[in-house]
Structures are given as C-alpha cells and as structure tokens.
Amino acid sequence: MPAAIEAAGLDIGYRLGTASITVLAGLDLRVEAGGFLSILGPSGCGKSTFLRVVADLLDPMKGRISVLGSTPSESRSRRDVGFVFQDSTLLPWRTVRDNVRLPLEVGRHRLTRAIEDRSGALLELMGLGALADRYPAQLSGGQRQRAAIARALNGAPRLLLMDEPFGALDEITRDRLNDELLNIWRATGATILFVTHSIMEAVYLGERVLVLAANPGRVVVDRDLRPLKAAGNRREDPAFVAMMADLRRSLETSE
Ligand SMILES: Nc1ncnc2c1ncn2[C@@H]1O[C@H](COP(=O)(O)OP(=O)(O)O)[C@@H](O)[C@H]1O
Ligand SMILES: [Mg+2]
C-alpha cells in the first residue's frame, strides 16, 4: 500500500509578483496510509500552506510530493481528498442535507469512482438527523462544523485534511467531536492530517504528532503517540501530561 503522503526535499511558498517567499523548506515527510497525524506549530509557520499543497491548491516550488501514491492533482481528480476548515463554508442557500450531498454532485473534475450517497447515515452519525432541512444560518457553530464533517465524509475521502476544524468551538463540544472523529477514523480507515493549536487535542487525537517551527518552516519534533493510546489515552495519565509538557516546551522555542 502506498504511503498517504510522501514528501522529499519539498520547498513550498508563494510567488508575490517577481519575488517569492519560502514558507516550508526542505520538508521530508512520510505518513503511512490509515494514520492520524496531528500538526502543531506557531501561527504563520506554514501548516495551512502545507495542507494546500497536499490538496493541490498550491504547487510546490521544489522537491516532490506524492499523495496516496499519485500526484496531488491526480488524487484530487479522483476525489480522494476531503477537507474541513475552521470556518466551514456551507452554502447558505442550501439546506444542511443538500450541503452534505454536495460531494455527490459532479463538479469541475469528473468523478472516476462511484460514491454511495450516505448523507442520511452521516447526518444521523453527526447528530444532525433532525436538523437536515434547516439552513446553515439556523445552526450553532458546532452544528455547522458537524455538517462540514459530514459533507467531507460523504465524498468517502481516503485522506481527510482538517485545518483547526474545532478551533471556534467550546470545550465540551470539542471533546465530543474529538471522540466522534476518532470513531469515524477507526470505522473508515481514512488517513487524517489534523492541524490544531490545542496541544491536548493534538495528543488526544493523533497516533503521531509533528511540531513545526517558523522561519523557515520545518519539522522540529516528530513523536510517536501510539504508546499513549495503548496505555488508555487518558488526558490525566502522567505519560499523557508529560507528552503535553514536552510539546509545549518545543512550541515555546519554535516561534
Ligand atoms: N496567499 C498567500 N500569499 C502570500 N503569502 C501567504 C499566503 N498565504 C499565507 N502566506 C504566508 O505564508 C506563511 C504561512 O502561512 P500559513 O500556512 O497560513 O500559516 P499557519 O497555517 O501555520 O498559521 C505566513 O507567513 C503567511 O503570511
Ligand atoms: Mg493556518
């Protein structure tokens, strides 16, 4: 099975007129298929920019990257990649159900594999069954995020990119969605790349966590979290708390 992500010598950044800025330099990264990778790093270090390259919204400046064994563009055409961002942009003129149905509608890229419409089941799973006929403006922030997740999952992505998806939510809702996300991850076998500002969330969700530093953006910490999962993944366990403290120190020196 090919890796979900394989990057070697990757430089990514932006062209600004004739000048260009390098955001991430010399990135080497392999993420196994089916893994759950948390990504932490100071604001502006290039987390979102990296996800943009994976999603084929931005071309790398140098180096190579493969996504699910193909180019980012091929994976995008196959609709193998789904996204959820912090401010999920549901279409305001469509009901929740019709927003969740969006991935089934053929867009710019031809659909190259059949996708079953699981809108109903996903709405139930996300606790939105009774709200399916509402419009986004009639939902709370947490409900909108759940609708965005249901929409992303309806495309049956093999790789799910989540960019601070729960950042705007209260802690209780966030904890509940974290558990739902873990259930979905286990049930679907999808690979998840999850960017967050919360150290606790990164450790609770991930099987592995990266800390990026800024200027230039680079990976400064890469930790295996599976031993914590095997030990029960409790937020109050000494090993869990020690991991959070360790990551916090790395983050404080990575600005
Ligand atoms: N469209 C863009 N054009 C030029 N520079 C950008 C663009 N988007 C982001 N940047 C810059 O790239 C750097 C990384 O941004 P970003 O990936 O959004 O950081 P993060 O998600 O880690 O907070 C920042 O310095 C930001 O100002
Ligand atoms: Mg960002």
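I found Gly142 in helix H5 (residues 141-154); helices (H or I, at least four residues) and strands (E, at least two) are DSSP runs, numbered from the N terminus. The model is predicted: local features need pLDDT of at least 70, side-chain atom pairs count only at pLDDT 80 or more, and totals for chains, interfaces and linings use all residues. Residues are numbered from 1 along each chain as its sequence is written, chains are lettered from A and ligands numbered from 1 in the order in which they are written, and side-chain values use heavy atoms, with hydrogens and water left out.

Gly142 counts as buried, because its relative accessibility is 7% (buried is under 20% relative accessible area, exposed over 50%, partly exposed in between; 1.4 Å probe, protein chains only). Leaving aside neighbours within four places in sequence, I listed its contacts as Leu169, Thr173 and Leu177 (contact means heavy atoms within 4.5 Å). Thr173 is 31 residues from Gly142 along the chain, and their C-alpha atoms are separated by 6.7 Å.

I then traced the sheets. An open sheet of 3 strands runs S2-S1-S4 with antiparallel pairing (two strands pair if DSSP finds at least two bridges between them). Strands S2 (19-31) and S4 (62-67) are at the edges with a single partner strand each, so one side of each lacks a neighbour in the sheet. Twist here averages 35 degrees from one strand to the next (axes are lines fitted to C-alpha atoms, for helices over the stretch in contact; angles run from 0 to 180 degrees between N-to-C directions). Helix H1 (residues 47-54) packs on this sheet, touching S1, S2 and S4, at about 110 degrees to S1. Between S1 (residues 5-16) and S2 I noted 9 bridges. Ile12 has Leu24 in S2 as its bridge partner.

An open sheet of 6 strands has the order S5-S6-S7-S3-S8-S9, with mixed pairing. Its edges are S5 (81-85) and S9 (218-224), each with a single partner strand, so one side of each is left without a neighbour in the sheet. The twist averages 15 degrees from one strand to the next. H1 packs on this sheet too, touching S3, S6, S7 and S8 (208-213), at about 155 degrees to S6. Strands S6 (residues 159-163) and S7 (residues 191-195) run parallel, joined by 5 bridges. Leu161 stands opposite Leu193 in S7. Helix H9 (residues 238-252) lies across S3, S8 and S9, at about 175 degrees to S9.
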